[in-house]
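Here is a short briefing on one structure. Keep the sequence and the coordinates at hand while reading.

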Amino acid sequence: MIQINNITKTYQQGSSQTQVLRGISCEIPDGEFAFIVGPSGSGKSTLLYLMGALDAPTTGTILLDGQSVSAMSPAAADALRRKQLGFVFQSFNLIRNLSALDNVLVPFLPDGRQPEMQKQARELLSSIGLGDRLHHRPSQLSGGEQQRVAIARAILKQPRFVFADEPTGELDSTTGQKVFDLLRQLHQEQGTTIITVTHDERYIKATDRIIRIEDGKVLEG
Ligand code: ADP
Ligand code: MG
């Protein structure tokens, strides 16, 4: 369970300050498929990164299973991210000169060199339709295939939470639907909690949790 208690986030740039989040509170129980929606610039990515312990709020607390993420040491936050959290970004963030298989394994080095882990990565890529793309580099893959590689990289460790920031932002709608089909499969089969930012509300289902933010506040959620 993720509990967000009255968080604010202010970015300081030189002498100017921008308050992006102005007192956000919400909860995401385990096993939810949740969306963060809102206009461009409303702070969706900021909120997602705070939930994923990639950044710290200016004030307020974020609790994961009752434990304050904001108060964790950098080493503890790093261990949390490495073991329990998976991240998927709009621009895939794959390494250009590595194959699909190596891209999936690179966060796990040196263990990623072990045959057992290589086997798991190959099986995972095959299970999401990329069995014949293992040795292709990102430039030899379509956008949808690249995003599926990025999702495989995020889920190989079987994280409890997957955070996705506009994962279909660079994809056409058919390919985007396939990416969401994969996230939904993961959610159903493994009970993974999925939290995704999107501006495209077509991918949202009635049973999903929606956190709608505008002007730094929660409108719904
Ligand atoms: P969204 O994802 O909803 O489009 P963001 O969370 O990316 O919005 O950004 C919200 C606001 O915060 C924007 O005005 C953006 O320019 C600003 N912002 C985001 N990150 C930073 C940063 N690191 N430094 C300064 N301003 C930032
Ligand atoms: Mg964003």
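In which loop does Ala53 lie? Ala53 sits in the loop between helix 1 (44-51) and strand 4 (59-64). The model is predicted.

**Backbone geometry**
- Ala53 has a positive phi of about 60°, although it is not a glycine.
- Most residues other than glycine have a negative phi, and most peptide bonds are trans.
- The peptide bond from Leu109 to Pro110 is cis. Its omega is near 5°.
- Pro110 belongs to the loop between helix 3 (100-105) and helix 4 (115-127).

**Ligand 1**
- The residues surrounding ligand 1 are Tyr11, Gln13, Val20, Pro39, Ser40, Gly41, Ser42, Gly43, Lys44, Ser45 and Thr46.
- Tyr11 places a polar side-chain atom 3.4 Å from a nitrogen atom of ligand 1.
- Ser42 has a backbone N or O atom 3.2 Å from an oxygen atom of the ligand.
- For Gly43, a backbone N or O atom lies 3.0 Å from an oxygen atom of ligand 1.

**Helix 5 and helix 6**
- The axes of helix 5 (residues 143-155) and helix 6 (residues 173-190) come within 9 Å. They cross at roughly 20°.
- Angles under 35 degrees count as roughly parallel, so helix 5 and helix 6 are roughly parallel to each other.
- Their crossing is right-handed.
- Helix 5 makes the contact through Gly144, Gln147, Arg148, Ile151 and Ile155. Helix 6 contributes Thr175, Val179, Leu182, Leu183 and Leu186.
- By class, this contact has six nonpolar, three polar and one charged residues.

Note on methods:
Residues are numbered from 1 along each chain as its sequence is written. Chains are lettered from A and ligands numbered from 1 in the order in which they are written. This is a predicted model: local features need pLDDT of at least 70, side-chain atom pairs count only at pLDDT 80 or more; totals for chains, interfaces and linings use all residues. Side-chain values use heavy atoms; hydrogens and water are left out. Axes are lines fitted to C-alpha atoms, for helices over the stretch in contact, and angles run from 0 to 180 degrees between N-to-C directions. Helices (H or I, at least four residues) and strands (E, at least two) are DSSP runs, numbered from the N terminus. Angles under 35 degrees count as roughly parallel, over 145 as roughly antiparallel, 65 to 115 as roughly perpendicular and the rest as oblique. A crossing is left-handed if the near helix is turned anticlockwise from the far one by less than a right angle, and right-handed if clockwise. Contact means heavy atoms within 4.5 Å. Ala, Val, Leu, Ile, Met, Phe, Trp, Tyr, Cys and Pro count as nonpolar, Asp, Glu, Lys and Arg as charged, and the others, Gly among them, as polar. A residue is near a molecule or strand if one of its heavy atoms lies within 4 Å of it. A polar contact is a pair of N or O atoms within 3.5 Å; within protein, one must be able to donate a hydrogen and the other to accept it, and residues adjacent in sequence count only if both atoms are side-chain atoms.
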